[in-house]
Amino acid sequence: MGIVRLTPMSVTSTQIERIFRDEYGRAVSVLTRVFGDLDLAEDAVQEAFTVAVNRWPGEGIPPSPAGWIITTARRRAIDHARREVLRDAKHADAARLLGVQEGDVHDGVPGPGLPDDRLRLIFTCCHPALAPATRVALTLRLLGGLGTAQIARAFLVPEPTMAQRISRAKAKIRDARIPYRTPSAADLPERLGAVHAVLYLIYTEGHTAGRGATLGDTDLSAEAIRLLRQLIELLPDDPESTGLLALMLFGESRRAARTTADGRMVLLADQDRTRWDRNLIREGQVLVRRCIELNRPGPYQLQAAIAAVHADAATAPATDWSQIVQLYDHLLALHPTPVVALHRAIALAETDGPEVALRIVDELDLDRYHVFHAARAALLRRLGRPRAAAAAYAGAAARTDNAVERAYLLRCRDELAAGR
Amino acid sequence: MVQYLLSIYQPDGDPPPPEELEPIMRKLEVLQRELREAGAWVFSGGLHAASTSTVVRAGGQGVVTTDGPYIEGKEHLGGFDVIEAQDLDAALVWGRKLAEATTLPIEVRPLQWGSCG
């Protein structure tokens with residue numbers, strides 16, 4: 001394979017790290033198809049990157065880094081298999097590998113009509129037969145190229161626990177034959193829903209302030225957005241994927257305004273809107289318009305539309321609450337859950353007053369959800385019932401694990417107790 | 001092809017009254033026929049109540065025999081099918097059909113090996 005000899009010394013470990021993160025999922029997915037085994041594929045890809053780290057600084061980065069990695073990984077795996085055969089061990093694996101023909105491995109860049117292997121891999125990682133926490137870990141590991149230690153740190157789990165979770169999942173994929181393919185058209189909506197849920201979980205984990213959810217230079221929200229962009233490239237016609245991306249971008253746009261310099265939480269209504277990222281908002285708005293044109297509304301698209309209405313308001317009082325209530329009505333019809341009803345009621349407080357909203361909120365069975373108590377508290381405060389409000393803030397604080405949120409809720413309680 | 005054990009978990013106690021049980025049995029017959037016609041059927045069985053089971057343990061103190069079942073609970077294995085399928089998705093399609101026919105939860109588990117007759 002030809003090597004572009006740029007200025008070799010300019011190849012930095014950061015560049016290789018970047019390529020690793022961008023191409024890991026593609027390489028693993030291609031080799032999983034070829035070898036029929038995730039572990040073999042991962043080991044081979046990791047070995048190929050080790051070779052790259054040694055060679056690329058001297059030789060320059062090849063024109064198709066992904067192709068180079070896949071070819072190198074495949075050769076290494078086959079070399080191993082030959083040695084295994086000589087040692088008369090692992091016959092089946094080795095025989096399978098040696099049966100791989102050169103033509104089976106394209107350079108990982110699919111031509112027209114050729115499905116991208118990453119799509120198969122994401123459906124395997126997000127298979128409903130795996131526990132939700134496992135789906136998240138596998139997706140980050142196999143498609144995101146994150147290390148077990150990084151994933152463990154992000155989810156506040158000891159590394160051996162995370163390593164065990166991942167290796168058990170791989171064993172289940174192998175032994176129970178969780179398939180490595182794109183689901184049938186009939187199953188696609190449901191299975192795609194599971195993929196969206198995993199990506200949204202990764203995103204919200206990164207978005208919730210103060211959970212130690214940073215990963216050095218990578219953070220989980222950025223990772224979720226990157227993986228979702230890949231998914232949309234592969235399945236461009238799915239409006240819910242587009243809606244979810246818009247929803248994530250609107251959330252990201254407010255990141256700088258969500259906490260003060262000393263790390264305290266700032267509610268949407270109190271945020272300095274000049275600190276919102278206009279580029280992300282513009283992209284979100286374009287995506288929401290595309291969803292509206294496709295005219296197949298779904299829960300993520302509606303949530304994105306609600307976020308877009310907030311983004312359109314120059315100041316909090318300028319928010320078009322009646323449009324937000326309408327969107328929540330639509331969302332509640334599609335997705336009738338108490339959590340949606342709660343958020344609709346919070347919006348309704350702005351159009352119909354806190355009393356109407358509190359009556360709805362009090363009917364909801366959400367005692368374990370801290371936002372329910374925080375919403376009640378805010379409504380009670382507006383209704384001039386400070387003692388009940390303080391008790392509700394305390395109830396909310398007791399139900400969140402997030403230090404930043406808890407500090408905010410306790411501050412609200414203390415203000416009420418002090419009669420301010 | 002892989003073989004999967006489809007376990008049917010039944011609540012303990014009396015079986016449902018005939019007017020509920022009969023339609024279930026009819027659906028199960030249809031499903032059994034469908035499994036055979038698809039070439040997916042390997043073996044099936046229905047069990048007597050869990051209270052009829054006996055547990056035997058062999059240890060240092062010799063063999064101890066006790067009244068069963070082994071695991072206490074309100075639900076027990078009531079019957080099973082062993083089927084052959086290409087992958088888990090195919091096995092889950094049969095699992096779903098069995099759950100719909102029986103209205104009971106079905107555990108789908110791959111066999112590591114199996115032998116018969």
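**Pairs, strands and helices in chain B**

Leu5(B) stands opposite Arg109(B) in strand 6 of chain B. The model is predicted: local features need pLDDT of at least 70, side-chain atom pairs count only at pLDDT 80 or more, and totals for chains, interfaces and linings use all residues. Residues are numbered from 1 along each chain as its sequence is written, while chains are lettered from A and ligands numbered from 1 in the order in which they are written.

**Exercise 1.** Find which strands join strand 1 of chain B, and by how many bridges.

*Solution.* Start with the terms: helices (H or I, at least four residues) and strands (E, at least two) are DSSP runs, numbered from the N terminus. Two strands pair if DSSP finds at least two bridges between them.

Step 1. Strand 1 (residues 2-11) of chain B is joined to strand 5 (residues 75-85) of chain B by 10 bridges, and the two run antiparallel. Within this pairing, Gln10(B) has His76(B) as its bridge partner.

Step 2. Strand 1 of chain B is also joined to strand 6 of chain B, by five bridges and again antiparallel. Here Ser7(B) stands opposite Glu107(B).

**Exercise 2.** Describe the span and burial of helix 1 and helix 2 of chain B.

*Solution.* Step 1. The expected span of a helix is 1.5 Å times one less than its number of residues. Helix 1 (residues 18-37) of chain B, with 20 residues, reaches 28 Å from its first C-alpha to its last, close to the 28 Å expected. Helix 2 (residues 88-102) of chain B, with 15 residues, reaches 20 Å, close to the 21 Å expected.

Step 1. A residue is buried if 20 or more other C-beta atoms, placed from the backbone, lie within 10 Å of its own, exposed if 12 or fewer, and partly exposed in between. Helix 1 of chain B is hardly covered, with one buried residue among its 20. In helix 2 of chain B the buried residues include Leu88(B), Leu92(B), Trp94(B) and Leu98(B). Their cover includes strand 1, helix 1, strand 5 and strand 6 of chain B.

Step 2. Gly39(B), with a positive phi near 70 degrees, follows helix 1 of chain B. Thr103(B), with a positive phi near 60 degrees, follows helix 2 of chain B.

**Exercise 3.** Count the residues in the contact between the chains.

*Solution.* Two residues are in contact if their C-beta atoms, placed from the backbone, lie within 7 Å. Chain B gives five residues and chain A gives six residues. The side of chain B has three nonpolar, no polar and two charged residues. Ala, Val, Leu, Ile, Met, Phe, Trp, Tyr, Cys and Pro count as nonpolar, Asp, Glu, Lys and Arg as charged, and the others, Gly among them, as polar.
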